[in-house]
Amino acid sequence: MLVVMEKGIPEKTIQACINAIEKRGYTARPIPGGDRVSIGILHNTGSVDAAHFLGLDGVKEVIPVTKPYKLVSREFKQENTRIKVGDAVFGDGSLPVIAGPCAVESLEQVLSIAGSVKKAGALLFRGGAFKPRTSPYSFQGLEKKGLEFLAAVREETGLPVVTEVMDVENFDIVEQYADVVQIGTRNMQNFSLLKRAGKSDKPVILKRGMSATLQEWLMAAEYIMAEGNNDVILCERGVRTFVRHSRNTLDLSVVPAAKKESHLPIIVDPSHAAGVRDQVISLALASAALGADGVMIEVHNKPEEAMSDGAQSLYPDQFISVMDKMNAIHQIVEQK
Ligand code: PEP
Ligand code: MN
């Protein structure tokens, strides 16, 4: 349930309403936005009686929320959430691009790639220091050393860094180095990790689970928001289907569907959807045409020597060309 307050009412009237909600054993969550405050009611097990709150001072209306998710939903908050990281804003209609290798491999490697993607216009750098690999015998990431190399990239280029956290155990250290913490596909429903991310003051990129429905994905985002972190960026990266011609199937339609249901920004990762670089290029252009709130692309200076995901990593020259085309497409899409 959502309690919508009158415009311009004093703070103490809002607080009195919050107290009235909490006195009934619910959690009250004020939701900033527009020119009035709304208060979301959380942790109710059954339906909430609107009559308890309708007569309170400053209350304009009480709206029942029909969706199982609340904080993430457009019913709770109509305006798009904007998340600013460095020079990038996710959710303001622009198309910030995150680029970098799948995995951090060496200082030289990340500095070289960061230099080229920055020149091409990327606003954030990505690279995994903790890698979720299908095989335990594959390269697992440089861990702390990798985080230090990412910090060196930030220092050298000024680009904020995005890196994956795989477990609660390593959250503190990842959070210490990262500007944006990524929760990967395989962890979308790792609820203890989501709760820990909810206590972080860093924005979180929440990748869609391998075969998660939109509802399951939004419920995962709700876990993060319910703990107090409002800065969640959804990331579509392809889902598992019957096809064999690509690694996964990029679910283009989930972008408008998510935007309808939720105020959270949604970005697209064409690299993990495609699995091969020629398809990455086409899907990156499609992502720009979709009106996504950003794109994340894997780029490597020597893809044939990459320790993970080389086949889907673009060469720096290809990245420059994709950036130019994505920007041109984005401009057309933005024309109202
Ligand atoms: C990654 O971004 O390198 C990654 C492992 O992604 P995903 O969780 O989408 O597989
Ligand atoms: Mn990868």
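1. In sequence, the residues that donate to the manganese ion (ligand 2) follow the spacing C-x169-H-x25-E-x10-D. Cys102 lies in the loop between β7 (97-100) and α3 (107-120) while Glu298 belongs to strand β14 (residues 295-298), so this pair ties together parts that are 196 residues apart in sequence. Helices (H or I, at least four residues) and strands (E, at least two) are here DSSP runs, numbered from the N terminus.

2. Before going further, please note that this is a predicted model, in which local features need pLDDT of at least 70 and side-chain atom pairs count only at pLDDT 80 or more, whereas totals for chains, interfaces and linings use all residues. Residues are numbered from 1 along each chain as its sequence is written, chains are lettered from A and ligands numbered from 1 in the order in which they are written, and side-chain values use heavy atoms, with hydrogens and water left out.

3. Which atoms coordinate the manganese ion (ligand 2)? They are SG of Cys102, NE2 of His272, OE of Glu298 and OD of Asp309, at 2.0 to 2.3 Å. Donors are N, O and S atoms within 2.8 Å of the metal (3.2 Å for Na, K and Ca), and since water is not among the atoms, sites may look incomplete. Cys102 is buried, at a relative accessible area of 3%, and Glu298 is likewise buried, at 1%; buried means under 20% relative accessible area, exposed over 50%, and partly exposed in between (1.4 Å probe, protein chains only).

4. The protein is divided into domain 1 (2-63) and domain 2 (83-335), with bounds that come from an automatic or database domain assignment. The C-alpha centres of domain 1 and domain 2 are 36 Å apart.

5. The structure holds 14 salt bridges, each being a side-chain nitrogen of Lys or Arg within 4 Å of a carboxyl oxygen of Asp or Glu. One of them joins Asp179 and Arg154, with 2.7 Å from N to O. This pair links distant parts of the chain, 25 residues apart, with Asp179 in the loop between α5 (171-177) and β10 (180-183) and Arg154 in helix α4 (residues 144-157). Arg154 counts as partly exposed, at 24% relative accessibility.

6. Arg196 and Asp172 also form a salt bridge, in which the closest N and O atoms are 2.8 Å apart. Because Arg196 lies in helix α6 (residues 191-198) and Asp172 in helix α5, the pair ties together parts that are 24 residues apart in sequence. Arg196 is buried, with a relative accessible area of 18%.

7. Polar side-chain atoms of Arg186 and of Lys207 each lie 2.9 Å from an oxygen atom of ligand 1, and for an N or O atom in the side chain of Arg237 the distance to a ligand 1 oxygen is 2.6 Å. The protein covers 98% of the 300 Å² of accessible area that ligand 1 has on its own, as found by the Shrake-Rupley method with a 1.4 Å probe.

Key. A polar contact is a pair of N or O atoms within 3.5 Å; within protein, one must be able to donate a hydrogen and the other to accept it, and residues adjacent in sequence count only if both atoms are side-chain atoms.
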